[in-house]
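Please examine the sequence and the structure shown below.

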Amino acid sequence: MSAASCLLYEDELRCSICLDVFTDPVSTPCGHNFCKHCITQHWDTNELCKCPMCNKLFQTRPEVNINTFICEIVAQFKHEAQHGMKTEDKVEQMIQKIVEMKESVKMSIYAADREKAEGVQVFTALKESVERGLDQLIKEIEDKQKTTEKQAEGFIKDLEQEVSELMMKSSEVKQLLHSEDHLNLLQSFSSLKAAPPTKDWTEVSVRPPSYEGTVVRAVTQLKEKLKKDMKKLLEAQLKRLQQYAVDVTLDPDTANPYLILSDDGKQVYCGNVRKNLPDNPERFSIYGLVLGKQSVYSGRFYFQVQVKGKTGWYLGVARESIDRKGEISLCPEDGFWTVCLRNGNGYDANADTPVSLFLDSRPEKVGVFVYYEEGLVSFHDVDTAALIYSFTGCSFSDKLYPFFSPNPNYGGKNSAPLIICPVNQTVE
């Protein structure tokens, strides 16, 4: 029976006494239907046995029989009603999901607009820096050329002046030499001024300016400027991630028996003696590993760890369902997203195929950031704000926990602890 049919029959399936859907429907001799309990109670409380619908009077209380047809109809109606309620619940859930999705889209648009605005601001500043650098470079080249031109103009002016004077003197001499008045020639010669001394121009020249290294210096200056701008950008980004900082503490129930944890659960290092601890299911039994107590199952999550003074360590996050008793590889395939320091100077991202990392500086404090829905785990040098490595496009299906391995102490060479640091405070 369809839901529409049920709606048509609903009024006919109601008891006229309790006004609810029939329960154990029975029929009276006059052909009307009531709940068995309702009609029995009605006749128990009245002196006369009348039909509540047609008022037909019965001399003796009649026997009522279960109306099997009505029972079947009521059963189908109730089934459809329950199905309808489940459908309504499902529809409500779907509507709620639509609302959530629309809200997610709005938040996504907001985040995208904010990111685009920030990107425009950053790249506009970079563009202006490049344009200023280019303007300065062109001005420097043009200034050098103008200085050369001015110097040449001065030399040329002096040369032209000397040439003019010499030509005038030469002209006077020629005129005298053509004179037939010898007495006048002698008198004029005595009064003729000596030619002015001339500068020795043999060693004078105009050398084109050297532009060697001009462009390289300009690009180097621009690079330094961009480097400073980049550092400011990274610092601002790290501050945004640090807003999601969680107060992480180490979980002693997961710690390998060789590990030594501080009383406040903030420090861990590897000892030389295996402690006698219960081998509970959560504990790592083979490797020197430990998890944090806090977990992330949605949203964003950040914590930071001091690694100063160590020659080896592993940091990151691990899936709740990881193997804690057998042989494991600290890579995403086995439920770990980590970076590490090995042999004192080699940094790796432990992807399914390890990635060697070439860092500009040696991190002393590492920040770990998780964005669950985005499938992102990123690592940052807290002091320089530089990105160390990002795992992207990850697929998470259960809780993620902070993960730590201080590595063996190697006879004291790696005895410094890993220290979980509060944000915006320095641990010495």
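What follows is a set of questions and answers on this structure.

This is a predicted model, in which local features need pLDDT of at least 70 and side-chain atom pairs count only at pLDDT 80 or more, while totals for chains, interfaces and linings use all residues. Residues are numbered from 1 along each chain as its sequence is written, and side-chain values use heavy atoms, with hydrogens and water left out.

Q: In what order do the three strands of the open antiparallel sheet stand?
A: Helices (H or I, at least four residues) and strands (E, at least two) are DSSP runs, numbered from the N terminus. Two strands pair if DSSP finds at least two bridges between them. Strand S2 (33-35) and strand S5 (65-66) each have a single partner strand, so they stand at the edges. The order is therefore S2-S1-S5.

Q: Which residue of S5 is the bridge partner of Ser27?
A: Strand S1 (residues 25-27) and S5 run antiparallel and are joined by two bridges. In S5, the partner of Ser27 is Asn65.

Q: What angle does the direction of helix H2 make with that of S2?
A: Helix H2 (residues 36-44) packs on the sheet and touches S1, S2 and S5, where contact means heavy atoms within 4.5 Å. Axes are lines fitted to C-alpha atoms, for helices over the stretch in contact, and angles run from 0 to 180 degrees between N-to-C directions. The angle between H2 and S2 is about 90°.

Q: Which residues does Leu57 contact, leaving aside its neighbours within four places in sequence?
A: Leu57 lies in strand S4. Beyond its neighbours within four places in sequence, its contacts are Leu48, Cys49 and Lys50.

Q: How many bridges pair S11 with strand S12?
A: Strand S11 (residues 336-342) and strand S12 (residues 346-349) form a hairpin with three residues between them. Asn343 in the turn has a positive phi of about 55°. Arg342 has Gly346 as its bridge partner in S12. The pairing is antiparallel, and the number of bridges is four.

Q: Which residue of S11 stands opposite Leu315?
A: S11 is mostly covered, as six of its seven residues are buried. Strand S10 (residues 313-319) pairs with S11 in the antiparallel sense over six bridges. Opposite Leu315 stands Val339.

Q: Why is S17 described as largely enclosed by the rest of the structure?
A: Strand S17 (400-405) has antiparallel partners. Two bridges join strand S8 (residues 290-291) to S17, and six bridges join S10 to S17. S17 is largely enclosed because the buried residues number six of the six.

Q: What is the phi of Asn407?
A: Most residues other than glycine have a negative phi. Asn407 is found in the loop between S17 and strand S18 (418-421), and at 12% relative accessibility Asn407 counts as buried. Its phi is positive, near 65°.

Q: In which loop is Asn55 found?
A: Asn55 is a residue other than glycine with a positive phi, near 65°. Asn55 is found in the loop between strand S3 (49-50) and strand S4 (57-58).

Key. Buried means under 20% relative accessible area, exposed over 50%, partly exposed in between (1.4 Å probe, protein chains only).
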